[in-house]
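Here is a briefing on a single protein chain. Start with the sequence and the structure below, then read on by topic.

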Amino acid sequence: MRHLKLIKPAESNTGQLQIAFASSDRHQVNQHFGAAEAFVIYTLNASGYQVAEVAEFSGSDTLKDKQEGKLEAKVQLLQGCAAVYCIAIGASAIRQLLAQGVQPLKVEQGELIEDLLTQLNLSWQTSPPVWLTRALRQQHNARPADERFTAMLDEGWQEDWPSC
């Protein structure tokens with residue numbers, strides 16, 4: 001497997017998610033999840049998106065006799081993603097992805113990744129799908145307690161300690 005991951009300076013992951021696409025050309029969704037030759041992963045937030053990773057599997061990685069190992073490698077690659085778009089996906093892969101918190105989404109062959117990201121970005125701001133709302137909530141709840149406390153203070157909550 002070839003794997004390119006863009007590394008940026010450490011910054012808060014709050015309010016951004018990673019979305020994966022099964023794509024051989026990095027422009028359109030055109031792969032079955034289990035047989036996918038490549039995935040492109042984008043970082044998405046309320047104001048836009050950008051490429052974060054590209055992973056390509058070699059021909060030897062996709063041999064039929066390595067079905068379970070091939071799924072395991074792909075599920076592991078997508079750990080931390082909120083969703084993966086593909087043209088088809090099997091029941092075993094769906095179970096494994098959902099267990100990792102990754103929402104599998106089926107779309108028509110040839111759907112443009114940029115169009116899907118634009119639609120996601122618009123829905124984020126107006127009426128996000130249930131899986132997106134759930135992913136954002138999980139991300140918010142995963143923040144350390146001190147960050148959540150600071151966020152509450154920023155939102156106008158006040159400390160109210162009982163007097164001793």
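S23 sits in the loop between strand 2 and strand 3 (28-29); helices (H or I, at least four residues) and strands (E, at least two) are DSSP runs, numbered from the N terminus. This is a predicted model, in which local features need pLDDT of at least 70, side-chain atom pairs count only at pLDDT 80 or more, and totals for chains, interfaces and linings use all residues. Residues are numbered from 1 along each chain as its sequence is written, and side-chain values use heavy atoms, with hydrogens and water left out.

**The loop residue**
- S23 is buried, at a relative accessible area of 1%; buried means under 20%, exposed over 50%, partly exposed in between (1.4 Å probe, protein chains only).
- A polar atom of the S23 side chain lies 2.8 Å from the backbone nitrogen of R26.
- Leaving out residues up to four places away in sequence, S23 touches Q28, N30, Q31, A38, F39, V40 and I113; contact means heavy atoms within 4.5 Å.

**V29**
- V29 belongs to strand 3.
- V29 is buried, with 0% relative accessibility.
- Among the residues V29 touches are F21, Y85, V107, I113 and L116, not counting residues up to four places away in sequence.
- V29 and L116 are 87 residues apart in sequence, yet 9.5 Å apart in space, C-alpha to C-alpha.

**Nonpolar cores**
- The largest nonpolar core has 21 residues; such a core is a set of buried Ala, Val, Leu, Ile, Met, Phe, Trp, Tyr and Cys residues joined through side-chain atoms within 4.5 Å.
- I19, F21, V29, Y85, I113, L120 and W131 have the most contacts inside this core.
- Strand 2 (16-22), strand 4 (38-45), strand 6 (83-86), helix 3 (113-125) and helix 4 (130-142) each supply at least two of its residues.
- Helix 3 gives the largest share of this core, five residues.
- I19 touches V40, I41, Y42, L44, A82, A83, Y85, L120 and W131, not counting residues up to four places away in sequence.
- Another core, of 19 residues, lies apart from it and includes F39, V75, L78 and V102.

**Whole chain**
- The protein chain has five helices and eight strands.
- From the N terminus on, its elements run β-β-β-β-β-α-β-α-β-β-α-α-α.
- Of its 164 residues, 35% count as buried.
- Among contacts with a separation of 6 or more, 58% join residues 24 or more positions apart.

Notes. Polar contact = N/O pair within 3.5 Å; in protein donor to acceptor, adjacent residues only side chain to side chain.
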